[in-house]
Amino acid sequence: MEILRKKNRLIREKQIVFDGQTWSWTNPKNTTLKWSGLSKEVIIKNIDNILIKGDPTAVFQASVAKKILELVENTADEITDFSNKVLNKITRRLNGDIDCATKKYIIEAKSSLHNEKSIIELGEQIQKYLPENIKTVKEFMNPLNKKVVIVYEDLGTYTLNHPILKELQQKGVIFIKGIENLKKTILK
């Protein structure tokens, strides 16, 4: 009986609803989130539009997504999200965003983590993706418990031994330096 209760609770926790355009999900902290359901075609169009516009921060994110799109083309994985805002359904405030996602990964793209402030902000942001935080973080937004990947270009004078980055690694976050190194992780 206890096993059945745990299984039913797990199913309720992961209940994600799609209405044809928008996904919604209520996390265990009772925060209902919503985000657009993007088709592969829309994702490709959005990536191409950003690459054409040329905003440096967005271009890195789009370049990461384009490479992931190529890497998962002939695998059991597929791109499921790109540059998608996740809103609190009740307050309509931004809960966070998904830079890129596949069936297996949530990918955060950072062209630069060159100062203490950017590393602290990253550490705070990633908490809402970590599966261990499903019951403790009000903004938690990883209902399928995907692995978290951070792709970065530049750490400036810092290393992955920075206490915040090291703690994230200990919690299972995968750090990848540069787009060219994505293949080593995404195809595992």
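Residues are numbered from 1 along each chain as its sequence is written, and side-chain values use heavy atoms, leaving out hydrogens and water. In this predicted model, local features need pLDDT of at least 70 and side-chain atom pairs count only at pLDDT 80 or more, while totals for chains, interfaces and linings use all residues.

**The sheet**

Let's start with the strands (DSSP runs of E, at least two residues, numbered from the N terminus). An open sheet of mixed pairing is formed by 8 strands, in the order β1-β2-β3-β4-β5-β6-β7-β8; two strands pair if DSSP finds at least two bridges between them. The edges are β1 (16-18) and β8 (174-177), each with a single partner strand, so one side of each has no neighbour in the sheet. Inside the sheet, β3 (residues 32-36) and β4 (residues 79-88) run antiparallel and are joined by 2 bridges. Here L33 stands opposite N88 in β4.

**Two buried residues**

Buried means under 20% relative accessible area, with a 1.4 Å probe and protein chains only. Contact means heavy atoms within 4.5 Å, and the table leaves aside residues up to four places away in sequence.

| Residue | Location | Relative accessible area | Contacts |
|---|---|---|---|
| T102 | strand β5 (residues 94-102) | 0% | I68, V72, D77, E78, I79, T80, I107 and K146 |
| V137 | loop between α4 (116-126) and β7 (147-154) | 15% | N27, K29, Q127 and K128 |

A polar atom of the T102 side chain lies 3.1 Å from the backbone nitrogen of K104. As for V137, its C-alpha is 15 Å from that of L94, and the two are 43 residues apart in sequence.

Note on methods
Helix = DSSP H or I, 4+ residues; strand = E, 2+ residues; numbered from the N terminus. Buried < 20%, exposed > 50% of the residue type's maximum accessible area, 1.4 Å probe, protein only. Polar contact = N/O pair within 3.5 Å; in protein donor to acceptor, adjacent residues only side chain to side chain.
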